[in-house]
Amino acid sequence: MTLRIVDKQWQQGQRMVIYGTVFLVMTLLILYSSNSSADFSSSFKVSEFHHKVRNTNLKKWAGKEGYLPVYGNKSMSLRCHHCALVTSSSHVLGTRAGDEIDRTECVIRMNDAPTSGYASDVGNRTSVRVVAHSSVFRVVRKPAEFLNHSESPAIIFWGPSSKIGRDAKGTLYRLIQRVSMTYRNMTFFVISPNKMQKFDTLFQKETGRDRKKSQSWLSTGWFTMVIAIEMCDNIKVYGMVPPNHCGRHPQPKRMPYHYYKPRGPDECVTYLQNERGRRGSHHRFITEKQVFARWAKQYNISYTHPSW
């Protein structure tokens with residue numbers, strides 16, 4: 001009888017030890033997660049790039065041979081003294097910057113960011129629109145918005161050659177071809193495979209990270225910024241947040257990732273999830289913005305709404 005009581009007490013003691021261990025582990029995991037979130041901004045500061053940056057002169061890096069005309073033999077020769085680069089961020093809403101943007105010599109936009117209904121904040125004019133292969137269908141579906149403008153803008157498509165290359169067997173390039181033959185008032189270009197590789201190399205030189213090995217996708221913002229530097233003497237960027245914005249405390253208020261999708265994902269959640277992501281490929285938005293901050297003085301870039 002005594003042995004049974006002792007055995008029972010020993011089993012109860014074992015359970016208490018197990019329960020206590022589980023509780024301790026769970027508490028440590030919660031604290032670690034909290035601290036990781038709190039310290040996120042400090043782990044992605046510009047100054048924390050420990051590799052030696054190999055500066056590339058993007059003015060000399062430019063080359064019209066990197067932009068292949070989809071129809072005809074036109075060349076990408078647009079040059080501007082002043083440019084407005086309008087991002088797709090909801091930070092542009094309420095700025096009333098539309099008139100200022102429209103007065104700028106050249107206006108650059110991205111993907112399927114519309115102007116209709118948002119002109120007071122983002123303006124109406126478009127000189128160049130940089131479009132990812134994943135956004136082609138969204139642009140083509142709304143010709144009245146993106147293709148029927150009288151200013152004769154240029155549209156530059158970027159993406160893997162398997163998607164938009166001239167030899168691609170898919171329907172995407174053929175679709176771009178048909179559109180370029182229909183809308184003769186516009187000029188359509190695709191970025192050549194050789195230049196696509198140069199964009200990858202530039203990312204590695206500026207960040208010390210191999211794009212493929214680090215499972216990164218370059219964003220449309222990366223392509224657009226480099227193209228803007230190539231063609232513009234001065235660039236004013238509207239709506240882009242600084243690299244440390246999403247790590248601030250208290251956390252910034254919720255802002256939709258796109259100004260034209262008010263119910264879309266939160267901007268900072270999108271940035272942080274992509275920057276932290278290790279499974280599958282992700283955009284490294286914060287890393288890219290660290291590079292943009294470094295380019296600001298070198299290439300006469302200013303940021304507004306918010307100002308950096």
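Predicted model: local features only at pLDDT ≥ 70, side-chain atom pairs only at ≥ 80, totals over all residues.

User: Why is the link of Cys80 and Cys106 called a disulfide?

Analyst: The term asks for two cysteine sulfur atoms within 2.5 Å, and the sulfur atoms of Cys80 and Cys106 lie 1.9 Å apart, so the pair meets the definition of a disulfide. The torsion about this S-S bond is about -70°, and the disulfide is therefore left-handed. As Cys80 belongs to strand β2 (residues 80-86) and Cys106 to strand β3 (residues 106-110), the pair ties together parts that are 26 residues apart in sequence.

User: How do you know whether Cys80 and Cys106 are buried or exposed?

Analyst: A residue counts as buried when its relative accessible area is under 20%. Cys80 has a value of 3% and is therefore buried, and Cys106, with 5%, is buried as well.

User: How many disulfides does the structure hold, and what makes the others count?

Analyst: The structure holds three disulfides. One of them joins Cys83 to Cys232 with an S to S distance of 2.0 Å, and another joins Cys246 to Cys268 at 2.2 Å; each distance is within the 2.5 Å that the term requires, so each pair is a disulfide. If the bonded cysteines are counted along the chain, the pattern of pairing is 1-3, 2-4, 5-6.

User: What is the handedness of the link of Cys83 and Cys232, and which parts does it tie together?

Analyst: This link has -85° about its S-S bond and is left-handed. Cys83 lies in strand β2 and Cys232 in strand β8 (residues 232-238), so the parts that the pair ties together are 149 residues apart in sequence. Both Cys83 and Cys232 are buried.

User: What is the handedness of the link of Cys246 and Cys268, and where do these two residues lie?

Analyst: The link of Cys246 and Cys268 is also left-handed, with -85° about the S-S bond. Cys246 is found in the loop between β8 and α11, whereas Cys268 is in helix α11, so the pair ties together parts that are 22 residues apart in sequence. Cys246 and Cys268 are both buried.

User: Why is α11 described as mostly covered?

Analyst: With the cut-off for buried set at under 20% relative accessible area, seven of the 10 residues of α11 are buried, and the helix is mostly covered. The buried residues are Glu267, Cys268, Thr270, Tyr271, Leu272, Asn274 and Glu275, and what covers them includes β9 (282-283) and α12.

User: What makes Asp266 a cap of α11?

Analyst: A polar contact needs N or O atoms within 3.5 Å, and a side-chain oxygen of Asp266 lies 3.3 Å from the backbone nitrogen of Cys268, which places the cap at the N-terminal end of α11.

User: How do you know whether His245 is buried or exposed?

Analyst: His245, which sits in the loop between β8 and α11, has a relative accessible area of 11% and is therefore buried, since the term requires a value under 20%. Leaving aside residues up to four places away in sequence, His245 touches His91, Pro252 and Cys268.

User: What makes up the lining of the largest pocket?

Analyst: The largest pocket holds about 990 Å³ of space and is lined by 49 residues, with Trp158, Leu218, Ser219, Thr220 and His283 lying nearest its centre. Its lining divides into 21 nonpolar, 18 polar and 10 charged residues, and the largest share, five residues, comes from α9.

How values were computed
Residues numbered from 1 in each chain as written. Heavy atoms only, no water. 1 Å grid on protein atoms, 1.4 Å probe; cavity = no way out; pocket = protein on both sides within 12 Å on 5 of 7 lines; lining within 4 Å. Points joined across faces, edges and corners; volume = space filled by probe spheres on them. Helix = DSSP H or I, 4+ residues; strand = E, 2+ residues; numbered from the N terminus. Nonpolar A, V, L, I, M, F, W, Y, C, P; charged D, E, K, R; others polar. Buried < 20%, exposed > 50% of the residue type's maximum accessible area, 1.4 Å probe, protein only. Contact = heavy atoms within 4.5 Å. Polar contact = N/O pair within 3.5 Å; in protein donor to acceptor, adjacent residues only side chain to side chain.
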